Amino acid sequence: MRIILVGYGVVGKGVTTIIARRYLEKVKDYGFSPKIVAIADIDGAVINPRGLSPEKLEELKQRRAPTNPISADPDFGHPGMSALDVIESVEAEVVVEVTPVNIKNAEPALSHITKAFKTGKHVVTTNKGPLALAMPALTELAEYNNVYLRFSGTVGGGTPMLEFAKRCLAGDKILGIRGILNGTTNYILTEMPQNRVTFQEALTNAQKLGYAEREPSMDIDGFDTACKVVILANWVMNQKITLRDVDRTGIRDVSLQELDEAAKKGNTIKLIGSIENGKATVKPMEIPKNNPLCVSGVLNAITFFTEYAGEETLIGRGAGSMETASAVLRDLLDIRHKLANRLT
Amino acid sequence: MKTVMKFGGTSVATGENIRHVARLVTQHAKEDCRVAVVVSALAGVTNSLFEIACQAKKSDTKHIETVTQELRQKHLEAISTAIKSESIQKEVTEITEKTICELEKVLTGVCYVGELTPKSKDYVVSFGERLSAPIVWGAIKDYEGETQCFTGKEAGIVTDSNFGEAEPLMNYTTHLIRERIGPLFEKGVIPVVTGFIAANQDGIVTTVGRGGSDYTATILGAALEVDEVWIWTDVDGIMTADPKVIPSAKMLPELSYQEAAEMAIFGAKAMHPRALKPIIEAKIPVRIRSTLHPENPGTIITDAQSVKSTGAVKAVALIKDVAMVNVNGANMVGAPGSYAKVFEVLGKNNINIMMVSTAVSEANISMVIRRNIVGRALSTLEIALLGRGLVSEVTSEDDVAVVAVMGANMKGTLGIASKIFATVANAGINVRMIAQGSSELNISFVVKEKDGAAVVKAIHEEFKLDKI
């Protein structure tokens, strides 16, 4: 299967690593032989229609934009070639879209994905922006163009939250969802009572450790969680909502005092994303410490309330380049299986 | 003697060439010959029409003017050198301006509608021949030949509506050509007919696709019951090998239709089997000859009975830009339908297989395909077949070439294959794959690309093709 990788940040590099690693095992166990035929970065692309070799992928990883971009590769580099041109002109089955998230207008990822659809390519993305802003539109477009759109890396990172709900709980009715879907905020809310620090101190600390961005609004104002809630609502509960439909409150105003008061009742405060009674909400909520959902540090957790199977909780690391890359691989395998049935 | 003469794109590439063509035609006409002429578009024009049509489809108006301006320039220049008489020049220029103007309108139309159907593509592409034929006509007239210009449609070539690859309704076409061109032709008028293009029964322009102008020439030849069809080109004829690879390659004076069809893989320098169809039935010989050396008789392609017997091997070709795809799987052994599965997947996904070979052990199929689609072929086979029990591995080799050894008399001659492979072995070269159909006209095998030229050379020498 030929793959165009769009975006070459930590996740993009993780994808190349995971595809190159144990290649033969994939062929043997899954009948899956992935080939990265192009990588498009901001300032250009590398293209080899026969697939970039594992050695070449390793070599590319050593390059650093802007002084030494991948497009400077002497064998396969195309300096200045845009991702849209690559998607349009390079033959491939799948586009893996892993550019940075933008929740204002979802660009450039949104254009990348629609271009891929128009040229008959399936899409695997880890980018929440396009889904948060236009998920109903994108699923319709994918269906119309007879291609697949997969995005399991957007929620739960390597933890298969979306598949769990969609596949493992098939036949059951999911009545509601509650989850701790953002590692950064969960780290801060764990740190505050444990080390007796204010929100601001905990945030600064998280930034030092690399858990929080220098511009932290995406996480602490609940946007990231809200994006994931949108994706869950669309994919799992078939609710055609977008980011604007989510009632969202961040954790800036959570004080140490509130946390202490909660602790007295055996509770703690977590940033919870939920879909209950058709309403999508993100807000800090008090939950019992012994609730399975109550995980600490950067962990994520999600509980599905189902009609027959009761409450099901999934816990796992919600982010990280290799974790997210593993979700990409999962999606690629899924598409491969669906395609195999279609081609014969 | 009655002939149809077809001139390809390079033969009419410039005004000078066209003047040369007109001289050849009128010379022959004066020697008590009846000549009908079929012309291709000026070299490169069909391609640029095709490209601009695709650009226009993307609603890109910018390029239309530049491209039509270029085309106008190119043809006006050709007119000024091909034709000396001012009055004829003026006449042809007027036709050209009118045609270019029409082309501009058509392209603008495509641009506005943003759609390029096979039908409109045929129409756009037809302008190449519509522009070249009047210039040839004018040049012949300049040499005081009595002549008349026809489009394929006016000449009476009626096809089905399979745009881009239209098939003539041969009997109806023959009837119309005899009616419209026959009497003039018999009188000694030289009809100049646009190659490649025709029309369906409703008069909508079509193109005949593969075989191109050669096909038009043979259709015309069969209808006018000529003695020979002459395909004028820039090579002396069909050679025993590509002279670029084998400098000592010789021109083949005679070939049978069947052999010529086998040699279609020689590419543009040979004839497409489709173009041979109309004349095989009518047993009209085709002569391939060079405008650069009109004194040479060229290669004559004719009925097998009249081809005098020569050596078993006639020619050896090297086919590059191919790749070998191997499908392996122990489970294919003895499993009915396993080959069908492989071919079905490729066929369904529009991948043409050039050559196939499998051993009776059945554990492996090797195929040769064009190199530019090997990525798609591999990916398709892997996605469709790997991991499902039947196929365990799909591999490819890019750096290969096919060597094809051809000749009608190979059939039934013992020891040809052993001689070929002994020659290859003596050159120290490994054969990767072999195929021979039971028609025995052709043995094809695959070697590494870097060895291709050496193999062709060795076989060429072994069968003494440079001494025919």
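What distance separates the centres of domain 1 of chain B and domain 2 of chain B, taken over C-alpha atoms?

Modeller: The model is a predicted one. In it, the centres of domain 1 and domain 2 of chain B, taken over C-alpha atoms, are separated by 39 Å. The domain assignment places domain 1 of chain B at residues 2–233 and domain 2 of chain B at residues 315–467.

The C-alpha trace of chain B spans about 75 × 55 × 40 Å along its principal axes. A compact globule of 468 residues would have a radius of gyration near 23 Å, and the 24 Å found for chain B agrees with that. Of the 468 residues in chain B, 50% are buried. Among contacts in chain B between residues at least 6 apart in sequence, 77% join residues at least 24 apart.

Helix H3 of chain B, residues 62–82, deserves a detailed description. At 1.5 Å a residue, its 21 residues should span 30 Å, and the end C-alpha atoms lie 31 Å apart, which agrees. The buried residues of H3(B) are Ile64(B), Val67(B), Leu71(B), His75(B), Ala78(B), Ile79(B) and Ala82(B). Viewed down the axis of H3(B), these buried residues fall within an arc of 110°, so they line one face of the helix. On the face of H3(B) turned away from the buried side are the exposed residues Lys62(B), Glu65(B), Thr66(B), Gln69(B), Gln73(B) and Glu77(B).

Leu49(B) counts as buried because it has 23 C-beta neighbours inside 10 Å, where the cut-off for a buried residue is 20 or more. Leaving aside residues up to four places away in sequence, Leu49(B) touches Val124(B), Val125(B), Phe127(B) and Gly128(B). A further reference point is Val394(B), which lies 345 residues from Leu49(B) along the chain. The C-alpha atoms of Leu49(B) and Val394(B) are separated by 39 Å.

Attention now passes to helix H16 of chain B, residues 449–462. Its 14 residues should span 20 Å at 1.5 Å a residue, and its end C-alpha atoms are 20 Å apart, which agrees. Buried in H16(B) are Asp451(B), Gly452(B), Val455(B), Val456(B), Lys457(B), Ala458(B), Ile459(B) and His460(B). What covers these buried residues includes strand S12 (315–328), strand S15 (393–406), helix H15 (416–426) and strand S17 (442–448) of chain B. Just after H16(B), Lys464(B) takes a positive phi of about 50°.

Chain A has 13 helices and 13 strands, and 49% of its 344 residues are buried. Its C-alpha trace spans about 65 × 50 × 35 Å along the principal axes. For 344 residues a compact globule would have a radius of gyration near 20 Å, and chain A, at 21 Å, agrees. The domain assignment divides chain A into domain 1 (2–158 + 322–343) and domain 2 (161–316). The centres of these two domains of chain A, taken over C-alpha atoms, are 28 Å apart. Across the boundary between them, 14 residues of domain 1 of chain A are in contact with 17 residues of domain 2 of chain A. The side of domain 1 of chain A that touches domain 2 of chain A has nine nonpolar, four polar and one charged residues.

Between the chains, 16 residues of chain A are in contact with 13 residues of chain B. On the chain A side, helix H2 (23–30) and helix H13 (321–343) are the elements that give two or more residues. H13(A) gives the most, with four residues. By class, the residues on this side of chain A comprise eight nonpolar, three polar and five charged.

Notes: Residues numbered from 1 in each chain as written. Chains lettered and ligands numbered in written order. Predicted model: local features only at pLDDT ≥ 70, side-chain atom pairs only at ≥ 80, totals over all residues. Contact = placed C-beta atoms within 7 Å. Nonpolar A, V, L, I, M, F, W, Y, C, P; charged D, E, K, R; others polar. Expected span 1.5 Å × (residues − 1). Buried ≥ 20, exposed ≤ 12 C-beta atoms within 10 Å, placed from the backbone. Arc of directions from axis to C-beta. Domains from an automatic or database assignment. Rg over C-alpha atoms; globule rule 2.2 N^0.38 Å.
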